[in-house]
Every structure is written in structure tokens, then in C-alpha cells.
Amino acid sequence: MCYFIITMEKDSIWKQVLDKIRIKVSPQTYETWFAETKLLNLDKGVGEIGCKNRYIAHALEERYYNLLRSCLGDILKREVDLSFKVKPELAVQKKPSEFKGGKNEVPMLIPSAGFVDVDFSDKLKRCCLNQKYTFENFVVGSSNRLAHAAALAVSENPGRAYNPLFIYGGVGLGKTHLLQAIGNKALTLNPQLHVLYINTEQLLNELYEGIRKQTMKEFREKYRKLDIFLLDDVQFISGKEALQEEFFNTFNTLYNAGKQMVITSDRPPGEISRLEERVRSRLAGGLVADITMPDFEMRVAILQKKLENETVALPEAVIMVIAECVKYNIRELEGALNTILMYVKTTGKMVTVEEARRLLQRSRRDLRKVISPGDILNIVSEYFGVSVEDIKGKKRTADIAFARQVAMYILREFLNLPLIKIASVVRRQDHTTVLHAIRKIENSVRRDSTLRSKIDEIRTLILQKSEKGNVSVFY
Ligand code: ADP
Ligand code: MG
């Protein structure tokens, strides 16, 4: 065994380990965490792994320790332990083209700058499609894999793959992007198709216009001749009886003719309130796919993808700071990236990690101007059906205590309030109670996916409220 270690070079051992890992994880994960690592030492049964920065060292230790350990153990044919060391010189300057993550390396089919097909662009406009939303620039990860695969299948085989395809998920997670990408791709493959993208609120306006101007016949014809009907944000149909009636009839006509419908919503069909049962069952009658929050790796991959089209490159550590600061909304992630790029472009200086963090924190302070601790208590209280008085009160029944702990956690996460301040908001005696509550929820969030999605939903409610105040939310 000893003979084995001596004769095998560290580099060649590491190459074999990386080859093993490469087939076990996604290309994105590999590129983000493993590509720039090195086996520095192999002494007394401990493999010392060099990483280009502390984020990577930390992530490898937290998340990939067992994987690395078992792969290295397999190659060495014995048990090993691992340690991690930061070695900045391991960073290789990548060319932008190397950053293409996942399966998105299909060449652009849509005529783009330099090769503008005027008729085609016109056609896209008439279909209300925006060429900037394509499958090629959509990053795929565990949070959207099913929705992406289904959307791609539908664009290649409209009416035959899944019908309807219903995609739901929180604000800024890529629903509109996918819906538009379906239209763009389907039209590229077959420019004869009748495709239409419309938001449900716009559809409602058209319907009211149709009723007012007595042009309902045209309204109906317009929708019933479509091959692909892309309806965004269908949750706005809630309580709109006339629209539900029209939708139901249009749906049946299109469905019976084998035409494709793709519908998005911020919640699953079962949770849209004031919806006729027959409409609900139509919405849920095909494939229902959700999009959830992107994980850290995917956020990094999205930032790298966006940077491919930029003239400015950012250091890897800054990209990681952005991905760390903005967790729940890809639109906000783009906003944070733009904040940093703007700084680099206007100052002509490269941004440091500390500056990036400061710039992004400033945006978080802006949030406090539109969302008050009271707003957060109201949202949490409404969500759990527990009164604000009870959250601030002394009762300790399980549901009240839980809502109170979640409120403290969100006050910290969202507004980054000091513990003392949180204690005074929820009328607790001292900040250790607050700290205890926050820790407890943090731990549960890691283990319990139901709690995670509840917190995601509360975040979405807060985001919706903050959007009314027109502020960016990085947190
Ligand atoms: P939603 O409709 O779910 O609120 P959008 O589709 O408008 O969200 O997405 C918000 C922004 O984030 C858009 O600019 C979109 O291009 C971008 N985006 C969302 N998901 C992805 C992804 N997986 N890869 C790249 N960009 C994405
Ligand atoms: Mg949208």
C-alpha cells in the first residue's frame, strides 16, 4: 500500500479523484467547487486539499467532505481524513466561454445581432415574445430542472408533450423567462406556428375591452386559433368570474384541437383562491412543475452566465459575495450584479470583496425604509393565523411560540436588525431569547423542507410588499 502512495504522484492521484467526482456531480457543481483544487500533501493518512479561496474550502468541508474522502479513499485503497488549505494561486483565470454551465451549450438559433431577420423579429413582436429570454441563457439546476425539461419538450413538440404545462414558483425565479423561451424556440423551429404570450392581467383588460366595445367575437377568435397559448401569472384570475368562464371555454377548444397551453402562477392550482373547480381541474390536468429557490452553486452559475455578456470580468470571490448576499430572487441577483458592475465601470477600479459587501449592504438598508418591523409582524401573523398581540404577548402555546420564533428569524434575516431591537419589537426581556429563537429556526430550516418552503412563502409576501415600495431587496 505504501509503495502505491510513493509511486503515484500527488497530481495524478488528484486527477483520478477529480475524474471520479466529475461523473458524480453536475458540471456546474464540478466547475464551481472542484475544478481548481489540488492535493497538496498526503501525510499520515491525511490528505491536504488546496482551494483557491475560503468559500470553496468551507463548502468542500461542509458539503462535500464525504464525497471527497470516499473518492480519495477509493483511489488509495485505504481510509483517509482530509484537511483544507487556502491557496489563492490555484485560481486560474478562465476565459468567459469556459463558464457555460450545464446543458446550455446549444448554439443560439434565434437570429441575433449581426444577423437580423426583420420578418422574424416582427413576428416575435406580434407574438409578444422577447428574444432575450432563451433556453440558451437559462441556467439549469436542481431548483428548476423539471420545469426546464418540460418546457423544452413542449417547445419541441407542442400539444404532444405535456398539456397543459403548469409552472409555478415565487417571484423572480424564472417563470416568465421559461414561458418566453418556449415561444421563442417553438417559433424558431416552426415559424408558421401561431404563438401568443400574454399576462393574465393584460388578458383581463382585453376581456373588459371586448365586453365594452362589443368585440367579444374577435377576442374569442384571436385566442382559439392559437397553436401555443402562453399565459403568465394565472393567479390573477382569482375571483374574476367572467375571465374564468372565457378561459374555460378557450381552454377546451384549444385542448380538444391538440393545441399547447403553458400557464404560470406564483402558487400551485390547488392554492389559487376563488377559482371555479372546473377551471382548477383543467389547470392541474397536465404536468405541474415547480421552480424553487436557487442554491448557492446555481446562483454563482447564473452570475457567471450573465457576466459572459459583459465587458468587465469580476473576481471569483466577488461573484461569491454577490451569490451569498442575494439568496431568494434571481431578478434581485441580477440587480446586485448590476450594482457592482456599475461601480466598476464608473470608478474604473476593480471592486474588492469588502467594497462589494458594503455596496450590497447599502441596498439592504434601503429595504428598511419601505418595510418596517411592524410590516413583518403583520405578514407573519397573517400567514400563521396568530394575532400580532399574541406574537408580542406571553402565551407559549406551540403555534404562537413558533410564529414568534419565525418572526424573530425573519426580522434578522430581512432587516438585519440588532438582537436588542428585535427583542423590543417582539417584547422579549433580553436578546438571548432572540438569539435562541433565531438559532432554532436556522437549524430547522436546514433539515425541514416544509419549513423552508413556508419561510420562502413569507419571503415572497414581503418581497411583494417591498416591490410596491419600489426598492431592491438584497438580503
Ligand atoms: P418570474 O416570472 O418567475 O417572476 P422572471 O422569469 O421574470 O421571474 O426572472 C427574473 C429574472 O431572472 C429575469 O431577468 C430572468 O432572465 C432571470 N432568470 C431567472 N431564472 C434564470 C435562470 N435559471 N438562468 C438565468 N437567468 C434567470
Ligand atoms: Mg413573471
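The model is a predicted one. The protein has 475 residues, of which 51% count as buried. Its secondary structure comes to 22 helices and eight strands.

**Overall make-up**

- Among contacts with a separation of 6 or more, 74% are between residues 24 or more positions apart.
- The protein exposes about 23500 Å² of surface, and carbon and sulfur atoms supply 51% of that area.
- The whole structure contains 24 salt bridges.

**The largest pocket**

- The largest pocket holds about 2000 Å³ of space.
- It is lined by 44 residues, and those closest to its centre are Tyr-328, Val-445, Arg-452, Asp-456 and Arg-459.
- Helices and strands both contribute: α4 (54-63), β4 (165-169), β8 (287-291), α13, α19 (398-415), α21 (431-447) and α22 (449-468) each give two or more residues to the lining.
- Helix α22 provides the largest share of this lining, with 10 residues.
- Sorted by class, the pocket lining has 18 charged, 16 nonpolar and 10 polar residues.

**Cavities**

- There are two cavities of 30 Å³ or more.
- The largest cavity contains about 70 Å³ of space.
- Its lining is made up of Leu-203, Phe-219, Arg-220, Tyr-223, Phe-229, Leu-243, Glu-246, Phe-247 and Thr-250.
- The most comes from α11, which gives four residues.
- By class, the cavity lining has six nonpolar, two charged and one polar residue.

**Salt bridges within one helix**

- Glu-209 and Arg-212 form a salt bridge, with their closest N and O atoms 2.8 Å apart.
- Both residues belong to helix α9 (residues 200-212) and stand three residues apart, about one turn of the helix.
- Glu-209 is partly exposed, at 32% relative accessible area, while Arg-212 counts as exposed, at 59%.
- In helix α10, Glu-221 and Lys-217 lie four residues apart, about one turn of the helix.
- The side chains of Glu-221 and Lys-217 meet in a salt bridge with an N to O distance of 3.4 Å.
- Glu-221 has 45% relative accessibility and so counts as partly exposed, whereas Lys-217 has 60% and so counts as exposed.

- Lys-345 and Glu-310 are joined through their side chains by a salt bridge of 2.9 Å, N to O.
- This pair links distant parts of the chain, 35 residues apart: Lys-345 is in helix α15 (residues 330-347), and Glu-310 is in the loop between α13 (296-307) and α14 (316-325).
- Lys-345 counts as partly exposed at 45% relative accessibility, and Glu-310 is also partly exposed, with a relative accessible area of 26%.
- Elsewhere, Glu-36, Lys-52 and Glu-316 are joined into one network by salt bridges that share partners.

- Most residues other than glycine have a negative phi, and most peptide bonds are trans.
- The peptide bond between Asn-163 and Pro-164 is cis, with omega about -10°.
- Pro-164 lies in the loop between α7 (145-156) and β4.
- Gln-214, a residue other than glycine, has a positive phi near 55°.
- Gln-214 sits in the loop between α9 and α10, and it counts as exposed because its relative accessibility is 71%, over the 50% cut-off.
- Asp-233 likewise has a positive phi, near 55°.
- Asp-233 is in the loop between β6 (228-232) and α11, and it counts as buried because its relative accessibility is 16%, under the 20% cut-off.

Definitions and conventions: Residues are numbered from 1 along each chain as its sequence is written. Chains are lettered from A and ligands numbered from 1 in the order in which they are written. This is a predicted model: local features need pLDDT of at least 70, side-chain atom pairs count only at pLDDT 80 or more; totals for chains, interfaces and linings use all residues. Side-chain values use heavy atoms; hydrogens and water are left out. On a 1 Å grid over the protein atoms alone, a cavity is a set of points where a 1.4 Å probe fits but cannot get out, and a pocket is an open set with protein on both sides within 12 Å along at least five of seven lines; lining residues have an atom within 4 Å of a point. Grid points are joined across faces, edges and corners, and a volume is the space filled by probe spheres set on the points. Ala, Val, Leu, Ile, Met, Phe, Trp, Tyr, Cys and Pro count as nonpolar, Asp, Glu, Lys and Arg as charged, and the others, Gly among them, as polar. Buried means under 20% relative accessible area, exposed over 50%, partly exposed in between (1.4 Å probe, protein chains only). Contact means heavy atoms within 4.5 Å. Accessible areas come from the Shrake-Rupley method with a 1.4 Å probe; for residues, only the protein chains shown count as cover. A salt bridge is a side-chain nitrogen of Lys or Arg within 4 Å of a carboxyl oxygen of Asp or Glu.
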